[in-house]
Each structure stands twice: as structure tokens, then as C-alpha cells.
Amino acid sequence: MKPDRIVPVILLGALMILPRLDGAQPNVLLITADDLRPELGCYGSVAKTPHLDAIAARGTTFTRAYCQQAVCNPSRSSMLTGLRPGTLGLYVNGTHFRELKPEITTLPLWFKEHGYTTRCTGKLFHNWHTKEKGDPRSWSAPEFLHYANHGDDTPQISGALPENHAKHTEGLRKYGSVGMCECYDVPDEAYYDGRVAAEAVRILPELKKNGPFFLALGFWKPHAPFNAPKKYWDLYDRAQLPALNPAWPVNAPKIASHQSTEILGPADQQKQPTAEQIAEMRHGYFAGISYMDAQIGKVIAAMKEQGLLENTIIVFWGDHGYHLGEHGLWAKTSNFELDARVPLILTTPQAGQEGVQTDALVEMIDIFPTLNALCGLPAAPGLEGRSLLPVLDNPALTVKPAAFTQHPRPAYPDRTPTKQPTHMGYSVRTAKWRYTEWRHWQTGEIESRELYDHTSDQPELENVIGHPPDRIALEEAENLLRAQFPLPK
């Protein structure tokens, strides 16, 4: 469904549907996936995700949702504060947002301050890179399994490990203490996400007594390493997964690329993975998605048993997208569509629309004001997103003309001697185009540009900035980008 009108949110706000729950304050279940591009059945993917598909069937699926920066800490901090990375001054994993903005209000803290019991199980705020562990003030009780390292997610079982059915790992670097690909026949609770779901199920009766509640579930998958239990690998025939096109976009500037160090290791030590290794890692990524989906199913089943679904808003979102060899890239940290676009599904008990999709352009900073409006809370001051209530009421509408993503170069500037970027890539996604400017960090001078035509080039395989098919549309995209990220005067 194509959005046909941009509606002024202020004018429509009073007309939108607020909670119709006979005075009962709705609960909120906020579910986060790590490194998940929109590979879900409800998005047309071959991924086997029956539980998320069932959630989508009850609400609205946003097909054009975008993160504000494609790396964990900046993306999560932006969404959870409702502020863009530039407003926070946060572009790296190693700095906690409270080091920069000590008194800032987060989404769960706002709900806590307005009468909600707030709990967190799993990775919501970014974790082990930062000095502060999670964000204790946001929660009514200590966070669970929130401050850990993906590389420490080794299978916890009694007795010896069974056979590893991942057979092409030789030569791939280890991800911390874990092989890049591991396929063990172990229970779900052997890994982080199984234990995250089990803890959420355990505390539901307590939350039911002390409602309304805001429960955040932070799943660690499908983030690397690719080590879901074997039964989730068994859901897929590797030969039938989507074919990989690793081509670099024609005429794309080198600065748009990165070194894929998260998966391939330090640049000076890298060996290109074999075809078998690439296929195995891609297989493991899909297995991780299905493993994560199964854990969500356990929590939803427990909520249904407790009679909680009828009065609970559910939001499912991914912190950013991911490359699996496309463009010759692995993992995140680019401004390409594969990294910027994320899944977003929202269901409400009072929804007039169920099982619908919308092409409205939305950003992760829109989640905070949307939940405020749905729960009848006062608007938190200073938020930079917009409420999506108009879109929930009518999926043919949209509330903004564009979505914005940015990323610095080097990809991880805090790991360099200066700890500063040399450049920043600013990207705008309109309904038909992605336009990106790479600017020098100190001078603001534009050094490279990209333009991808999403009316014909969905995989972004040609940068057409040298011969734009529609110069008026390009000018509109330039104006949108520079209105959001002004050039120096």
C-alpha cells in the first residue's frame, strides 16, 4: 500500500485514536532484535518466523522503517531517547549516552515516571563496550542479562558438547570465545536468548500484579556469532536460501565501503571466506532469526495464558540492518539500504487495522512519541520523532517526507588514535531515492555523493549521481538532506 498523503501531525493529533480500554492503562511489550534486517516471513522473506508473522497479522507492519545509524549503541540510544545521533553527539559503541547527556530522559524512564513498572530482560541499551552497565535508573528492578558480550555466548549445558554440524569454520576467525559458526544440538536455554525468554516468562505474573507495565525484551540474535541450536539450522535448505550478489555498486565511492572487520577480522589479517563459508554464515544468520522468533513465541504464549495480550501494545523493532556479503560487505556500519532499513511491527489492543502493511517512511525516533500517544502519556519534551498514530489509523498516510541515516568514517572512529571521524556520511531516503553526501568532518565540505534509484534498482547496484534520471527529485532530496543536516555557512 502506497502512502498518498503526508498529514500534519499537530492538526490530526486530536483526531487520532487514543487508548479505548475502558480506563485501563495499556501495558507495553517492546521487543528488540540485534542486527536484523527485514528477513521475516511477513516481509516476504524465506525466513521462518511464524511467531512474528502472527504478531504482524494482528497489527501494522512498516515496510519502510529506518534506523538513524547502523551500529548498535548509537541506534539504540537514539531510539530510546527519541533524539538523533547528532543531537546526542554519539556515533560510537564505546561511549554511554549518559556520559554526554547525564540527565536525559529515556523511553522506559518516562513510563516509569508516569506510573508504569518498567522491566528489562536482555540487551536493550548497548552493553559491554561502555563504562555504565545498561541504564539502571530506567528500570523498576535490575536488568537481566543485559551487560554481556556476544563473543561469550558459549553453550551452557551439562556434560560434553555434542558434535558441531557447522563444517566450514576452518580459517574463519573466532568471535570472542565462540566459533563464527556453531551448530550444536542443544536446548534453547543453552544460549542467551533462551534464558532471556525464560526470565520474561518468569516475571510475567509479578508484572500482572503490579501493572501497568513496560517490559523490554532484548534478544541478542541474529547478531554474530552464528550459533543457534541445531534445530533452527535444520529449518533451512542452504541451497534454497536467496542467492548472493556480492557486486560493489557501479560508480559508488570507496568511502561508502568499510573493512567488514567484525566478521572478517583486522584488515591486515583478512582472508576472504570461501563459497562454502559464505553459505554457512548466511545459513547461520537465518537460523538465528528463527531461534529468536521461537523465543518470542514462548513469551507471547505466556502472556496469552496470563490474559495479558488483550491489554498490551506490542512493538517489535530491529536496531539496524545487516550485510551478508552483498556489496562485498559483512555486518553493519554503512548507509546502504541493507544497513539502514529495519523491521518495525506495531500492534495495539484497540487497533482498527489488523494485518496491514504501510509504505509510510518512518524512523526509529518515532517509536517514543508513538507509545506516549498510544498510552495517553504527556509528550516528553524535546523529542525529534513524530507520532505514528495517523498511520496506524490509516496506513495510506505518512507523517514525514523522508527518513535519515548517518554513519562516520572510519566506521569505528573511537578505535583510532584521534578517536574522531574524518568524514560523516549523511543519507536521506525518500519514497523513490536514497541520496547520500560524504562530508569532511572538520570542514563540512562535500567530497562524495551517491544516488540510488529505488524505482528500478532495489539492491542499490548503481550510483546514478552522475546521470540522475530525475533532476527535480534529486534537488528535492538534496534540500531535504541539507535541511536536516545543514552545510556550514
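**Terms and their grounds**

Reply: Helix α12 (residues 367-374) is mostly covered, as eight of its eight residues are buried. This is a predicted model, in which local features need pLDDT of at least 70 and side-chain atom pairs count only at pLDDT 80 or more, while totals for chains, interfaces and linings use all residues. Residues are numbered from 1 along each chain as its sequence is written, and side-chain values use heavy atoms, with hydrogens and water left out.

Me: Why is α2 called oblique to α10?

Reply: Helix α2 (residues 50-57) and helix α10 (residues 275-305) pack at about 55°, their axes 7 Å apart. Angles under 35 degrees count as roughly parallel, over 145 as roughly antiparallel, 65 to 115 as roughly perpendicular and the rest as oblique; therefore α2 is oblique to α10.

Me: Which residues of α2 and α10 meet?

Reply: Contact means heavy atoms within 4.5 Å. Pro-50, His-51, Leu-52 and Ile-55 in α2 meet residues of α10 including Met-292, Ile-296 and Ile-300.

Me: What makes a set of residues a nonpolar core?

Reply: Such a core is a set of buried Ala, Val, Leu, Ile, Met, Phe, Trp, Tyr and Cys residues joined through side-chain atoms within 4.5 Å. The largest has 66 residues, and Ile-296 and Phe-316 are among those that touch the most other members. Its largest share, 14 residues, comes from α10.

Key
Axes are lines fitted to C-alpha atoms, for helices over the stretch in contact, and angles run from 0 to 180 degrees between N-to-C directions. Helices (H or I, at least four residues) and strands (E, at least two) are DSSP runs, numbered from the N terminus. Buried means under 20% relative accessible area, exposed over 50%, partly exposed in between (1.4 Å probe, protein chains only).
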